[in-house]
Amino acid sequence: MQDPELEILIDRLENEADLTLADFDGVLHALAYLLPGAAPDDEHAAQHIGTADGAMHVADAAFPDWDVHIRGRAYGKHGRWHCTLRENDNLDNDAAIGLGQSPVLGQAILAAVLRLAMILKKD
């Protein structure tokens, strides 16, 4: 699935460190479209999903029992976090892998979730 709006949203997640609540509200809408039921629906969801904990809860709801790998360097504004979502860490035959990177850890996780959801929705 190639949706230009989703690509723009993922690009913002991966390249901007100062996203607004409106941006995270857009992420919630994208999650609701790609992964019905995985997006939190409480009134403060947009505030929480950008945090590392909030993003991990989204990843767990969207892809339970998948392996999440996080690596990166914490250099303040210039840090770079990488997140990989894999169905099976023991084998090298995953049908799809979610990859995300960002200066903000939570945003790297969300980018990986959205990218993986796009790949799987296409199939």
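User: Let's start with Glu 14: is that residue buried or exposed?

Analyst: Buried means under 20% relative accessible area. Glu 14 has a relative accessibility of 10%, so it counts as buried. Keep in mind that this is a predicted model.

User: Where does Glu 14 sit, and what does Glu 14 touch?

Analyst: Glu 14 belongs to helix α1. Setting aside residues up to four places away in sequence, its contacts are Arg 80, Leu 99, Gly 100, Gln 101, Ser 102, Pro 103, Ala 111 and Arg 115. For a sense of the distances, take Trp 81: Glu 14 and Trp 81 are 67 residues apart along the chain, and their C-alpha atoms are separated by 9.3 Å.

User: How much confidence does the prediction carry, going by the mean pLDDT of the protein?

Analyst: The mean pLDDT is 89, with 93% of the residues reaching 70 or more. Confidence is lowest in helix α3 (residues 45–48), which has a mean of 90, and highest in helix α4 (residues 52–62), at 95.

User: On to the sheet. What is the order of its strands?

Analyst: Read a sheet by asking who sits beside whom. Here three strands form an open sheet in the order β1-β2-β3, and the pairing is antiparallel. β1 (67–73) and β3 (98–102) are at the edges with a single partner strand each, so one side of each has no neighbour in the sheet. On average, neighbouring strands are turned by 15 degrees against each other, direction ignored.

User: How many bridges join the strands, and which residues stand opposite each other?

Analyst: β1 and β2 are joined by seven bridges, while five join β2 (residues 80–86) to β3. A handy spot to look at is Thr 84 in β2: His 69 stands opposite Thr 84, and Thr 84 also stands opposite Leu 99 in β3. One place along, Leu 85 faces Gly 98 in β3. In a regular strand the side chains alternate between the two faces of the sheet.

User: Which helix packs on the sheet?

Analyst: That's helix α5 (residues 105–122), which touches β1, β2 and β3. The direction of α5 makes about 150 degrees with that of β3.

User: How do I read the sides of a helix, say α4? Which of its residues are buried?

Analyst: In α4 they are Gly 54, Ala 55, Val 58, Ala 59 and Ala 62. These residues cover an arc of only 140 degrees around the axis, so they are on the same side of α4. Asp 53 and His 57 are exposed on the other side of α4. As for partners, the buried residues of α4 pack against α2, α3 and α5.

User: And the largest nonpolar core: which residues touch the most other members?

Analyst: That core has 36 residues, and Val 27, Leu 35, Phe 63, Val 113 and Leu 114 touch the most other members. The elements giving two or more residues to the core are α1 (4–15), α2, α3, α4, β2 and α5. α5 gives the most, with 10 residues.

User: Last one: what is phi of Asp 65?

Analyst: Near 70 degrees, a positive value in a residue other than glycine. Asp 65 lies in the loop between α4 and β1 and is exposed, with a relative accessible area of 73%.

How values were computed
Residues are numbered from 1 along each chain as its sequence is written. This is a predicted model: local features need pLDDT of at least 70, side-chain atom pairs count only at pLDDT 80 or more; totals for chains, interfaces and linings use all residues. Side-chain values use heavy atoms; hydrogens and water are left out. Two strands pair if DSSP finds at least two bridges between them. Helices (H or I, at least four residues) and strands (E, at least two) are DSSP runs, numbered from the N terminus. Axes are lines fitted to C-alpha atoms, for helices over the stretch in contact, and angles run from 0 to 180 degrees between N-to-C directions. Contact means heavy atoms within 4.5 Å. pLDDT is the predictor's confidence in each residue, from 0 to 100. Buried means under 20% relative accessible area, exposed over 50%, partly exposed in between (1.4 Å probe, protein chains only). The arc is that of the directions from the helix axis to the C-beta atoms. A nonpolar core is a set of buried Ala, Val, Leu, Ile, Met, Phe, Trp, Tyr and Cys residues joined through side-chain atoms within 4.5 Å.
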